[in-house]
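Student: Please pick one single spot here and take a close look at it with me. After that, I'd like to hear how the rest is put together, in plain words.

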Amino acid sequence: MSDAARKVVVTGSASGIGQSLVKLLKSRGQVPIGVDVRAGAGVDVVADLASPEGRTAMVDGVAELSNGVVDGVVANAGTAGYNRGTVTVNFFGALATLEGLLPLLTKSPAPRAAATVSIATMMPTCLELVDLMLARDEAGAVAMATSMEEDPEQAALLYASSKRALARWLRQAAASPEWGGAGISRSTPWGRPSSIRRWWRRSWRPRRVATR
């Protein structure tokens, strides 16, 4: 690996894990490119990963700032709550980040990629919703998540379902020709204290698993 400063994209850089990672990278002489839905310290590209337009803006903004080459991507942006945003941001936004920036990663001599998952992957989930996400059916997944919002017990499964789907996708993709086969090392950090984890521990109670 070269001693030259590495360009690392970090989504969700305005707060929490993303903000801390940007500060750490800077302290080590690296070049973070922060992405977040709102402007602020540590944010270089403002983009809403919940929408296709925002995802495209993220890729275009990163490509411009990096001159078309990045050495690392951390798909960290996420939202906690009992709403459809867990599907659009936590899963589809993360995939759009990793896959959208893959062409820039492959130009690095030592590419690396990571995604922030969660201990919530061990919590009850809605398997049907997980399957819709893994099938890349965003419209179907959003429709189901929207209907689940109306029932507090069902809504409580949304966050864990989005993270379970992301973890499964990462495992499936890790050995694929596009990722592991191309020499891109991937990891899925989780378990560190964070605002989302603290929210989860305060609000989660055992509930029945969705059966539909």
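Predicted model: local features only at pLDDT ≥ 70, side-chain atom pairs only at ≥ 80, totals over all residues.

Tutor: Let's start at A39, which sits in the loop between β2 (31-36) and β3 (45-46). Those strand labels, like the helix labels below, are DSSP runs numbered from the N terminus: helices are H or I with at least four residues, strands are E with at least two. A39 counts as exposed because its relative accessibility is 65%; the cut-offs are under 20% relative accessible area for buried, over 50% for exposed and partly exposed in between, with a 1.4 Å probe and protein chains only.

Residues are numbered from 1 along each chain as its sequence is written, and side-chain values use heavy atoms, with hydrogens and water left out.

Now zoom out. The protein has 9 helices and 6 strands, and 48% of its 212 residues count as buried. Take the contacts (heavy atoms within 4.5 Å) with a separation of 6 or more: 73% of them join residues 24 or more positions apart.

Two other loops deserve a stop. Most residues other than glycine have a negative phi. N67 isn't a glycine, but its phi is positive, about 60 degrees. You'll find N67 in the loop between α2 (52-66) and β4 (72-75), and N67 is exposed because its relative accessible area is 69%. R136 has a positive phi too, near 65 degrees; R136 lies in the loop between α5 and α6 (138-148), and R136 is partly exposed, at 42% relative accessible area.

On to the helices. The axes of α3 (residues 85-100) and α8 (residues 158-174) come within 8 Å and cross at roughly 20 degrees. Axes here are lines fitted to C-alpha atoms, for helices over the stretch in contact, and angles run from 0 to 180 degrees between N-to-C directions. So α3 and α8 are roughly parallel; that label means under 35 degrees, with over 145 roughly antiparallel, 65 to 115 roughly perpendicular and the rest oblique. Among the residues making the contact are F91 and L95 of α3 and L166 and W169 of α8. By class, the residues of this contact are 11 nonpolar, 3 polar and 2 charged; Ala, Val, Leu, Ile, Met, Phe, Trp, Tyr, Cys and Pro count as nonpolar, Asp, Glu, Lys and Arg as charged, and the others, Gly among them, as polar.

Helix α8 meets α5 (residues 127-134) as well: their axes come within 9 Å and cross at roughly 45 degrees, so α5 and α8 are oblique. Here, W169 of α8 is one of the contact residues, with L134 among those from α5.

Last, the structure holds 1 aromatic pair. The ring centres of F91 and F92 are 4.9 Å apart and their planes are at 90 degrees, so the pair is edge-to-face. Rings of Phe, Tyr and Trp (its six-membered ring) pair if their centres lie within 6.5 Å, with planes under 30 degrees apart stacked, over 60 edge-to-face and the rest tilted. Both F91 and F92 are buried.
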